[in-house]
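Reader: I would like a close look at one part: the pairing of aromatic rings. Please begin with the chain as a whole and then go into detail.

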Amino acid sequence: MQLVAVPSTAEEETQKTRFLRACMRQPVDATPVWFMRQAGRYMAEYRQVREKHSLLEICRTPELAAEVTMQPIRALHVDAAILFADILLPLIPLGLELSFSEGVGPVISTPIRTMEDVRKLRLIDVEADLAYVMQAIRMLRGELQVPLIGFCGAPFTVAAYAIEGGASRGFLRTKSMMYSAPDAFHALLDRLSDVLADYLVAQIRAGVQAVQIFDSWVGELQPIDYATFIQPYSHKVLARAQAAGVPVIHFGTNTTHLLTLMKQAGGTVMGFDWRVPLNDGWRILGEDVAVQGNLDPAALFAPMPELKRRAELVLRRAAGRPGHIFNLGHGILPNTPVDHVRAVVDFVHEYSAAHHS
Ligand code: CP3
């Protein structure tokens with residue numbers, strides 16, 4: 001940990017503002033880049049911490065969460081940090097039993113299936129019940145040179161975990177509740193959207209300079225169901241975060257058919273997965289919004305020339321228009337070679353500085 005403030009160079013000064021400027025569609029010296037899941041098991045430093053502590057212990061110990069957040073900042077030259085936490089943490093104070101099991105992922109042993117279950121959710125005060133998250137944010141702001149991104153899951157994605165009790169393929173239980181018990185489904189999303197909006201506002205008060213909402217599984221839905229069951233609740237979370245005065249990134253996967261509705265729900269920046277060519281996605285949304293994406297995370301396993309070719313294709317599709325933040329189309333995968341991740345960051349900076357400024 002760095003204790004003494006070192007005077008920063010001009011290059012560091014521009015790096016500090018690149019990400020936030022791009023969120024506002026202002027011109028930048030080079031395309032900013034960060035990665036979803038940039039802290040994690042693909043890094044030896046992370047695995048070392050994980051040998052001694054569970055994922056939940058890391059999340060609940062501000063010193064450890066801050067340390068793990070800093071690891072990719074030290075190892076890569078990324079333009080933003082993302083707070084180390086998990087989208088499912090707010091379920092704990094709501095009264096659900098959450099654990100993470102090796103190789104399986106999150107497990108919720110007390111899933112929500114009925115209106116009765118929704119009514120039993122505890123009333124919570126996010127500032128107090130998730131105080132460890134706010135504490136990690138305050139620690140990080142004292143240490144970081146680049147902007148800090150906070151996040152939460154979108155109401156649908158968090159609800160899907162709460163209803164299924166963990167990861168799922170077809171989301172049959174979630175859709176069954178939506179189609180067979182719509183009042184209970186709406187009540188759950190309404191409750192979660194209030195909690196998630198409060199949670200983002202609390203993170204912003206604690207010091208995060210941008211937030212992202214992850215709607216990782218919403219692509220499972222057809223547009224009419226998104227409009228009826230999801231959009232009002234995502235809108236509530238996005239609007240409250242935007243009103244708190246920071247850029248808001250709205251991300252989902254498999255969402256090409258939902259992009260227009262998702263944009264209507266809100267977001268300063270729209271995130272794409274890798275399935276949609278970035279220029280096509282941007283055309284669907286219109287140029288009055290910034291975009292983030294969208295290299296296939298699997299491309300990081302390719303030989304360097306192929307990897308660079310694919311990163312260049314993303315940059316060529318963005319064509320130097322103000323308002324592009326380079327990222328993957330989803331999170332970094334386990335076993336990703338760290339040197340390839342670092343090489344992409346440098347390539348994005350060098351290529352965009354040379355071609356688009
Ligand atoms: O991006 C970052 O570096 C910040 C940390 C972060 C984590 N989870 C830590 C974590 C973020 C942004 C998340 C978000 C998250 N969590 C999402 C949305 C993003 C996405 O990938 O779609 C979702 C769906 C979850 C729920 C979750 N948490 C799952 C499905 C899993 C298990 C799958 C896996 O990758 O192992 C987790 C566990 C989890 N959360 C890990 C990390 C680094 C796994 C590593 C570990 O066990 O140490």
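Author: The protein chain has 15 helices and nine strands. These are DSSP runs numbered from the N terminus, where a helix (H or I) needs at least four residues and a strand (E) at least two. The radius of gyration, taken over C-alpha atoms, is 20 Å, close to the 21 Å that the globule rule (2.2 Å times the number of residues to the power 0.38) gives for 357 residues, so the chain is as compact as a globular protein of that length. The model is predicted: local features need pLDDT of at least 70 and side-chain atom pairs pLDDT 80 or more, while totals for chains, interfaces and linings use all residues. Residues are numbered from 1 along each chain as its sequence is written, and side-chain values use heavy atoms, with hydrogens and water left out.

Along its principal axes the C-alpha trace spans about 60 × 45 × 40 Å. Of the 357 residues, 56% count as buried, a word that stands for under 20% relative accessible area; over 50% is exposed and anything in between is partly exposed (1.4 Å probe, protein chains only). Among the contacts in the chain with a separation of 6 or more, 74% are between residues 24 or more positions apart; a contact means heavy atoms within 4.5 Å.

Now the rings. A pair of aromatic rings is described by the distance of the centres and the angle of the planes. Here, rings of Phe, Tyr and Trp (its six-membered ring) pair if their centres lie within 6.5 Å, and planes under 30 degrees apart are stacked, over 60 edge-to-face, and the rest tilted. A search of the whole structure finds six such pairs.

One of them joins Phe-171 and Trp-217, whose centres are 6.3 Å apart with 35° between the planes, a tilted pair. This pair links distant parts of the chain, 46 residues apart: Phe-171 sits in the loop between helix 8 (155-164) and helix 9 (172-180), and Trp-217 in the loop between strand 5 (210-215) and helix 11 (223-243). Phe-171 is buried, with a relative accessible area of 4%, whereas Trp-217 is partly exposed, at 30%.

Another pair is Phe-347 with Tyr-351, also tilted, because the centres are 5.6 Å apart and the planes meet at 35°. Its two residues share helix 15 (residues 338-356) and are four residues apart, about one turn of the helix. An α-helix has 3.6 residues a turn, so residues three or four places apart point the same way. Both Phe-347 and Tyr-351 are buried. Elsewhere, Phe-151, Phe-214 and Phe-251 are joined by ring pairs into a cluster.

Just after helix 8, Gly-165 takes a positive phi of about 85°.
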